[in-house]
Amino acid sequence: MSSGTGNPSIPLFDLRIEDDDLAAVAETIRSGRLALGERTERFEQAFAAHLGARHAIALSSCTAALHLAYLAAGVGPGDEVIVPSYTMAATASAVLQCGATPVFAEIVGRERPSLDPDDVARRITERTKAVAVVHFAGYAAAADRLAALCDERGLALIEDAAHAPDASLGGRALGTFGLAGAFSFFSNKVLSAGEGGLLCTDDDDVAAFARSRRSLGVVRGADGSRDVEGVGFNYRMDEPHAALLLSRMRRLRADVERRRELTLRYRELLAGLDGVLVPYDDADVATCSAYVMPVMLEEDRQVEVSRRLREQGIQTSILYAAVHGFTAYRERFPDVSLPRTEHAARTELTLPLFPTMTEAEQDRVVGALAEAVAA
Amino acid sequence: MSAPTRISLVDETSCEADVEAVLDCLRSGWLTMGPRTQALEQRLGELTGAAHALAVSSGTAGLQLALQAAGVGRGDEVVVPALAPVSAAAAVAALGAVPVLCDVADPLAPHAGPKQVEPAIGPRTRAIVAVHLHGHLADAAALRELADARGLVLVEDCSSALGAPGAGVAGALGVFSFAAGRQLAIGEGGLVVAADESHAARVRSLRSHAMTSGTWDRHRGHDPRYDVVDAGYNFRLDEPRAALALTRLERLAGEVDGRRALLARARERLRGRDDVALVFNALSVEAASPAALPLALPDGARRDRFAAALDELGVPSETLPALHAFSAYREVPGGARPQAEAAAARTCLLPLYAALGDDGMGFLLDAVEQALTRTG
């Protein structure tokens, strides 16, 4: 394909729904029960067991999960939440939704674009209520160090594990280090269902809070009476989505394993390629979810290389711009400067990665990339 | 078919066309807002007569977006009838605004009109929510006149009223729900309609993180970069639900006609009794897209006995408490609401949907008569 538009021949991600997934959804629709049913409960139990968490609450999106997690941590008007800027905007917008202020912190660097715990520690004030950490591209950030820091300073740690449904650090599942973890099932994610999210927690009160607030704040008394406590939302997941996720979870481990293999192969093929820095280490890959394949280019090459690959029929993307650079945040917080984040954001390019990707496709991507960066 | 022994509160039937529509979408591999959502929005725009129609994740989310587009923010007040779904007050509170709960006209005509809304308007009021209760239209034209005169925005809560002609287009914005039990039920989902392009643009932006381009656009080869221009949400509908809504939309007219016919039959049979009253008048029924069969008992104690007796006879029912009966909204302003409280105490909401059919409705009405006898 020579044109710059139309369907790419190697897409960024390729979502394939298998026959058993289709059967699970078909059976759910035939049951007629499309909301508030047993499939959601079964999915929640399966996901909690998968993480080794006490509770999992299925939700309409990861943004909803972050919002409920912050609220459960007591975040409200006047409070501050320390968040990375190198993330999807929702990590910060859910703080604004609580009426609180996101305080942006730095990443370690382009070679490890995860939240820097030392920078987080420097930004704690008396108004800080919580810290949000993102497991960028599915690679573990220093959740253990951040959990210790938060414990010491009396803060809540919230993990934005949108990219990391099957990843760990020191043998412990990502998402389970803090007060709550937030997961995404958006269609380009490792475990995907279109739209969807989930909050996990070991805290019974946080779980009860999330269950009530996802459904307008409704609580039921032991006698079956119904009350509404506090401000609630409709953040429910419906039954067909829960059925689809429950079915697709059976392939999660194998999918992630294949993603890791492809990632290691990418790393091998890209090693030593001038002008291309591959973040994280080979050793990190074994426990990550390998959500996407980010590479860092030289200055001023990002959009041009993306266009050159597009001309070869290869779709790429920029995983994230720096959130503090978006209009909505520049207007509110004009003086934020995060050089490492900004450098990563303006040089990163995300290459195609999906479990059904072939080695031939991967070779084509690497060849086209080598040609583009040399041009 | 044998006579039923118990009927379900909401319609839980589905057909193979529903299954095929969703499976087709899943097989396509494109699940997030795309061509099916666009087609649904176009069809629903035509159906409601609104200039703009935007699919969202739920009716509650839709109300929040509509109110925010109307300019409601922290510290503002919004007048909401005290007899309304929880979502109407929750959407206001979610914006950091205060729902001011006004009374309704009468237990047998339980809408809030200008007479009830006007005293609740104060210097911080930004908007009025008209609630089309149980699918019966409130006098939105009169409320629009009041809103215009006072410089306020009228938002219509049509969460139970899809299919009622004119619903959602008297106000600046209108909101529909596709939750279980609705005329168009898809699990979770909703729609915002707007007359004004600027309101629609705000809703469109805020429902998807206020990003200047979507995943679909980027997939189609547009510039990979985007800006975020506001603090938005993920209030998107997705393609599998849009696919289900599109196929079920073809049956909507039949669903609404079926509900109207069954409601007319119920009213005919229960008319003139002194132990139960029909909520809403005949004129209102003709214009409605009925969402339930609301019956008013002489008092709250008898309503509770009636509901218990009905349940034993195989007919589940619901009640709608006044919003200020809930802990979360007990302290909100709005003055005395005697009519809303009487309506909440006396009213029993019985199942009503086309799939009940004549047999189901016959069973239901037999049960009503028996339960009334037992209730005394």
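User: In chain A, what share of the contacts between residues at least 6 apart in sequence join residues at least 24 apart?
Analyst: This is a predicted model, where local features need pLDDT of at least 70, side-chain atom pairs count only at pLDDT 80 or more, and totals for chains, interfaces and linings use all residues. Residues are numbered from 1 along each chain as its sequence is written, and chains are lettered from A and ligands numbered from 1 in the order in which they are written. Two residues are in contact if their C-beta atoms, placed from the backbone, lie within 7 Å. Among the chain A contacts between residues at least 6 apart, the share joining residues at least 24 apart is 69%.

User: What radius of gyration does chain A have?
Analyst: The radius is taken over C-alpha atoms, and the globule rule is 2.2 Å times the number of residues to the power 0.38. For 375 residues, a compact globule would come near 21 Å. Chain A agrees with that, at 21 Å.

User: How many helices and strands does chain A have?
Analyst: Helices (H or I, at least four residues) and strands (E, at least two) are DSSP runs, numbered from the N terminus. In chain A they come to 14 helices and 16 strands.

User: What is the strand order of the open sheet of seven strands in chain A?
Analyst: Two strands pair if DSSP finds at least two bridges between them. The pairing in this sheet is mixed. Its edge strands, β1 (55–59) and β3 (101–105) of chain A, each pair on one side only. The order in chain A is β1-β11-β10-β7-β6-β2-β3.

User: In which sense do β7 and β10 of chain A pair?
Analyst: Strands of a sheet pair through backbone hydrogen bonds, either parallel or antiparallel. Here β7 (residues 156–160) and β10 (residues 180–184) of chain A share three bridges. E159(A) stands opposite G181(A) in β10(A). The sense of the β7 and β10 pairing in chain A is parallel.

User: At about what angle does helix α3 of chain A run to β10(A)?
Analyst: Axes are lines fitted to C-alpha atoms, for helices over the stretch in contact, and angles run from 0 to 180 degrees between N-to-C directions. Helix α3 (residues 62–72) of chain A lies across several strands, including β1 and β11 (197–201) of chain A. Its angle to β10(A) is about 170°.

User: Is K189(A) buried or exposed?
Analyst: A residue is buried if 20 or more other C-beta atoms lie within 10 Å of its own, exposed if 12 or fewer, and partly exposed in between; C-beta atoms are placed from the backbone. K189(A) sits in the loop between β10 and β11 of chain A. K189(A) has 23 other C-beta atoms within 10 Å, so it is buried.

User: For which feature does UniProt list K189(A)?
Analyst: UniProt positions are given in the numbering used here, feature names are shortened, and annotations may be inferred rather than shown by experiment. The UniProt entry is unreviewed.

User: Which element gives the largest share of the side of chain B that touches chain A?
Analyst: The contact takes 53 residues from chain B and 53 residues from chain A. Elements giving two or more residues to the chain B side include α1 (16–28) and α9 (239–249) of chain B. The largest share, six residues, comes from α1(B).

User: How many of the 11 residues of α9(B) are buried?
Analyst: What covers the buried residues of α9(B) includes α8 (239–249) of chain A together with elements of chain B, among them α10 (252–270). R241(B) and L244(B) are among the buried residues. The helix α9(B) is largely enclosed by the rest of the structure, because the buried count is nine.
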